[in-house]
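Please examine the chain shown below before reading on.

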Amino acid sequence: YGSSIVSWFEKQYPKQNKTFEIYAIEADRHFHEDYKYRKGVKLLPFAAWVKNETLFFEINEDPIDKDVVKGRGMGRIQPVQSSTGVSDGNVDEIQGFDFAAWLKDTVSERDFVVMKMDVEGTEFNLIPRLIETGAICLIDEVFLECHYNRWQKCCPGERSSKYEKTYGQCLELYTSLRESGVLVHQWW
């Protein structure tokens, strides 16, 4: 809530005395309580995904101090069947929902839809699904953080790549949105 809605969205929108319905889709249970008392924000306590199914939500830990969870809100979702061998302490089970179907059921073509998407790599699943279903036509403006294989600190003296996609693939994702008529901005 604090990092996106209050500190950014509410300062930039609404424009021209228009009001917005604000939806927060948050897979990390750690943040759900924060939305309980927020007026004007509807929390969807699920993971935006390509279909309705149970997923694993991987929580990042501090590699030096395993008792300190860092990067809350920077977890990654994975289908249950692909998450074998992961530690129970690092993973929550969460319900994923078909984001494209929800969007088509929730908004109309007359609505002005602004979306900030920071889904830790899942954008490579969600954006093609939005295009394939035509739901992308309902979105007017997207602020997209694309996650690629840049090096990150993992352990003392070591670096690892958190994501498999390349920066070039991110640029292709932005291009596909622009070709679909969506105003897309790179979010860092």
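Questions and answers on this structure follow.

This is a predicted model, in which local features need pLDDT of at least 70 and side-chain atom pairs count only at pLDDT 80 or more, while totals for chains, interfaces and linings use all residues. Residues are numbered from 1 along each chain as its sequence is written, and side-chain values use heavy atoms, with hydrogens and water left out.

Q: How many helices and strands does the secondary structure of the chain come to?
A: Helices (H or I, at least four residues) and strands (E, at least two) are taken as DSSP runs and numbered from the N terminus. On this basis the chain comes to five helices and eleven strands.

Q: What percentage of the residues of the chain count as buried?
A: A residue is buried at under 20% relative accessible area, exposed at over 50%, and partly exposed in between, with a 1.4 Å probe and protein chains only. Of the 188 residues of the chain, the share that counts as buried is 40%.

Q: Which residues of helix H1 are buried, and what arc do they fall within?
A: Helix H1 spans residues 2–12, and Ser4, Ile5, Trp8 and Phe9 are buried in it. The arc is that of the directions from the helix axis to the C-beta atoms. Seen down the axis of H1, the buried residues line one face of the helix, because they fall within an arc of 130°.

Q: Why do residues three or four places apart in an α-helix point the same way?
A: The reason lies in the helical repeat. Residues three or four places apart point the same way because the number of residues a turn in an α-helix is 3.6.

Q: Which elements are among those that cover the buried residues of H1?
A: Contact means heavy atoms within 4.5 Å. The cover over the buried residues of H1 includes helix H2 (32–35), along with strands S1 (22–25), S2 (41–44), S7 (114–117) and S8.

Q: Which residues of H4 are buried, and what covers them?
A: In H4, the buried residues are Glu123, Phe124, Leu126, Ile127, Arg129 and Leu130. Their cover includes S6, S7, S8, strand S3 (47–49), helix H3 (99–106) and H5.

Q: Which residue other than glycine has a positive phi near 50°, and is that residue buried or exposed?
A: The residue is Glu120, whose phi is near 50°. Glu120 is found in the loop between S7 and H4. With a relative accessible area of 6%, Glu120 is buried.

Q: Which cysteines form a disulfide, and what is its handedness?
A: A disulfide is a pair of cysteine sulfur atoms within 2.5 Å, and the sulfur atoms of Cys146 and Cys170 are 2.1 Å apart. This pair links distant parts of the chain, 24 residues apart, with Cys146 in the loop between strand S8 (141–144) and strand S9 (151–155) and Cys170 in helix H5 (residues 167–179). Both cysteines are buried. The torsion about the S-S bond of Cys146 and Cys170 is about -85°, so the disulfide is left-handed.

Q: With which residue does Glu21 form a salt bridge?
A: A salt bridge is a side-chain nitrogen of Lys or Arg within 4 Å of a carboxyl oxygen of Asp or Glu. The closest N and O atoms of the Glu21 pair are 3.0 Å apart, and the partner is Lys42. The pair links distant parts of the chain, 21 residues apart, with Glu21 in the loop between H1 and S1 and Lys42 in strand S2.

Q: Which residues do salt bridges that share partners join into one network?
A: The side chains of Asp98 and Arg129 meet in a salt bridge at 2.6 Å, N to O. Asp98 lies in strand S6 (residues 91–98) and Arg129 in helix H4 (residues 123–133), 31 residues apart. Asp98 is buried, with a relative accessible area of 11%. The network joins Asp98, Arg129 and Glu132.

Q: How many salt bridges does the structure hold?
A: One of them is formed by the side chains of Asp34 and Arg38, at 2.7 Å from N to O. Asp34 is partly exposed, at a relative accessible area of 30%. The structure holds salt bridges to the number of five.
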